[in-house]
There are 2 protein chains.
Amino acid sequence: MKIVRGGITSAKGFIATGVSCGIKKDSRLDLALIFSEKVSAAAGLFTTNRFIAPPLILTKKNLKKGTGQAVIVNSGNANAATGSRGYEDALEMGALTAKELGIDSSLVSVASTGVIGEPLPMEKIRSGIPLVVNGLRKNGGKDAARAIMTTDTFFKEAAVKGIVGGREVSVGGIAKGSGMIHPNMATMLAFIGTDATISGGLLKKSLRKASDLSFNMITVDGETSTNDMVLCLANGMSGAREIREGSRELKEFQSLLEYVCLALAKMIVRDGEGATKFVTITVDNARNFKDAKKIAMSVGRSLLVKTAFFGEDANWGRFMAAIGYSGVKVDEGEVDIYYDGVKIVNSGTGTGSKADLMASKVLKKKEFSVRIDLKAGKEKATVWTTDLSYDYVRINASYRS
Amino acid sequence: MKIVRGGITSAKGFIATGVSCGIKKDSRLDLALIFSEKVSAAAGLFTTNRFIAPPLILTKKNLKKGTGQAVIVNSGNANAATGSRGYEDALEMGALTAKELGIDSSLVSVASTGVIGEPLPMEKIRSGIPLVVNGLRKNGGKDAARAIMTTDTFFKEAAVKGIVGGREVSVGGIAKGSGMIHPNMATMLAFIGTDATISGGLLKKSLRKASDLSFNMITVDGETSTNDMVLCLANGMSGAREIREGSRELKEFQSLLEYVCLALAKMIVRDGEGATKFVTITVDNARNFKDAKKIAMSVGRSLLVKTAFFGEDANWGRFMAAIGYSGVKVDEGEVDIYYDGVKIVNSGTGTGSKADLMASKVLKKKEFSVRIDLKAGKEKATVWTTDLSYDYVRINASYRS
């Protein structure tokens, strides 16, 4: 596997761009288009929020056959909680894009991100679509990545190359997300393009597996948005033979896809609203993965844990409390906890003031890890999280103004 | 029912006090004692956190017979995650109190609140117990209320009188809590004394019912502590006849107990760490209470909702998102939402910019309500919450230092 520069246009046959159509203030990019020269196998994963935004309802429908060719995305307005008008707007957004591209509208995925509850400014979208179609180009991936940003402070892209079935295959993607981040697709969008050859059905399995180890293992604020999705197009233009279930090729492809998903997921955490710390929480030696994940998430989303990270306070008691209310049966007297290499809890009680002092040095770093050893089994789970700072409050108190 | 001034010593036969024994800095009160002249029926409710602090394990055991006479509480140290030493310390704390009072140690409930994970400073507790026993007095309730405070900014007490079975009965209580507040006894302590005559078993039922409508309906930060408890002593000194299951007297008593529990619960929310808003969230016309409560809690604990309250931004889309991820099946197109009297969402979509403007005036108030009408049934639930401000972060980032 070779990590390469680039993103959504790294794989053969993918072009993209982003333009400004006036939804966001100050001429910032707010309309992105991704296009594959060939009709592709396509798979999507969608928010678990019961109130699914209209564009997602449409895209889910369009992906049912497992094919796709283009993705149109606006930022600045989520087109969520907009009722039947919202659905009509999403339909029109997809249809106009298809018309300009000269393809069938069922091949277009539609996504929106931004403020909930306001109607999509369709005149702006209508005038933007010809611009974004005309702007499509091989080196337009960065602009596409910029055009899907909301409170993001940097654009997010990742790409990798590797041999799949004897041929070089590329996987590249872009993502957005910095708040409302919690597992199961919480306000984040990720679009991935690959020139691998794979069926829509197998691509979906592969994407789910990769997401479960990446996008579903991050938490910033415990919120699950109405608009999140991860989408992957595979156009087969590498010329590699088709990837089959259970094959060596699938393993090779899976590792490429997982790399890109995890790289994008970590970028989202790093860009967590107001985050000053990037923290890797591993729960080790659990009875099973589910228990390990539950505990890691309980700790990773605890406001008391996150404010202690911000305050650089090695307040491990807050870990214990969060483990205790995770819902998992844990023997308190077996728990060991480490900040990087520093053992701060031994068999459920503190290891003393010297360890406290060493741990507080670890906490001064911008990145560190917390390892919770349950001594109960052999499974583990890793979750990525941030601290909770004044800036999280500032950003979210004034989001619409 | 008559609301009266006072707290834990309002009912006949109760005396209390608080002293400083040096656990907290600056000679602040940190050791409280509540005492009933007569052995009382006693009932307690305890944290749902699996890691239960040692004093709670002891108190649970002592309450098994349904009787009690004294409650000893320290603040500044939670005696949690302290292992077997923590249990021995709790035992000693109870035994020393019993000895000074000249009662059996099984009649003493023990509670601790404060930092988790540090051993209880037993020398300070040992020297404090004779002081606190000597200080017991009828007008010492306020000092007891002060001595159980941690990050609380004001002491919390409430009392009420009413006729139960033809006799005047008093119920009074004190509470502490301002952070780590979430249903099912999340870092809060409440102690209630009454001169009603009731069995320990029925008192427990009555206390659970009252708590389910008060302490279990508040949320500040979604955390559930290792140390929380609600305790009630009923000494029968009103001379009223014994309250039996299914009787009119039980209803009369229940309303008194519920008043005190709710008054204390609301004070805890008002004192929410860094809170600048006090928000009542009612979910109306739900299929059942459980659904209504789930949704109200999902909205009430959402960081995005709470930061929008702080920013005085009528961002109702965040309500919709939180309703959507509550786990309850809701018809999005039926949802109406009101800020006080202002209808801001009608059948799932916004009612426009004029309503937005009126709602933003409501949000400027220190107290307001949010009503979510599901139009799905006849049940409702009310939850009390706060905004999330810079000060929440400040308080919790620097708690130990």
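1. A word on the ground rules. This is a predicted model, where local features need pLDDT of at least 70, side-chain atom pairs count only at pLDDT 80 or more, and totals for chains, interfaces and linings use all residues. Residues are numbered from 1 along each chain as its sequence is written, chains are lettered from A and ligands numbered from 1 in the order in which they are written, and side-chain values use heavy atoms, with hydrogens and water left out.

2. Start with the sheet. Chain B has an open, mixed sheet of seven strands, ordered 9-16-11-15-12-13-14. Strands here are DSSP E runs of at least two residues, helices are H or I runs of at least four, and both are numbered from the N terminus; two strands pair if DSSP finds at least two bridges between them. Strand 9 (218-219) and strand 14 (349-350) of chain B are the edges: each has a single partner strand, so one side of each has no neighbour in the sheet.

3. Inside the sheet, strand 12 (residues 336-339) and strand 15 (residues 367-373) of chain B run antiparallel and are joined by four bridges. B:Y339 has B:V370 in strand 15 of chain B as its bridge partner.

4. Now the helices. Helix 9 (residues 317-324) of chain B lies across strand 12, strand 13 (342-346) and strand 15 of chain B, at about 130° to strand 12 of chain B. Contact means heavy atoms within 4.5 Å; axes are lines fitted to C-alpha atoms, for helices over the stretch in contact, with angles from 0 to 180 degrees between N-to-C directions.

5. On to the rings: the whole structure holds eleven aromatic pairs over all chains. Phe, Tyr and Trp rings (the six-membered one for Trp) pair with centres within 6.5 Å, and count as stacked with planes under 30 degrees apart, edge-to-face over 60 and tilted for the rest. A:Y390 and B:Y390 are edge-to-face, at 6.4 Å centre to centre and 70° between the planes. This pair crosses between chains, from helix 11 (residues 390-397) of chain A to helix 11 (residues 390-397) of chain B.

6. How accessible is B:Y390? B:Y390 is partly exposed, at 32% relative accessible area; buried means under 20%, exposed over 50%, and partly exposed in between (1.4 Å probe, protein chains only).

7. Finally, in chain A, A:F309, A:F319, A:Y339 and A:F368 form one aromatic cluster.
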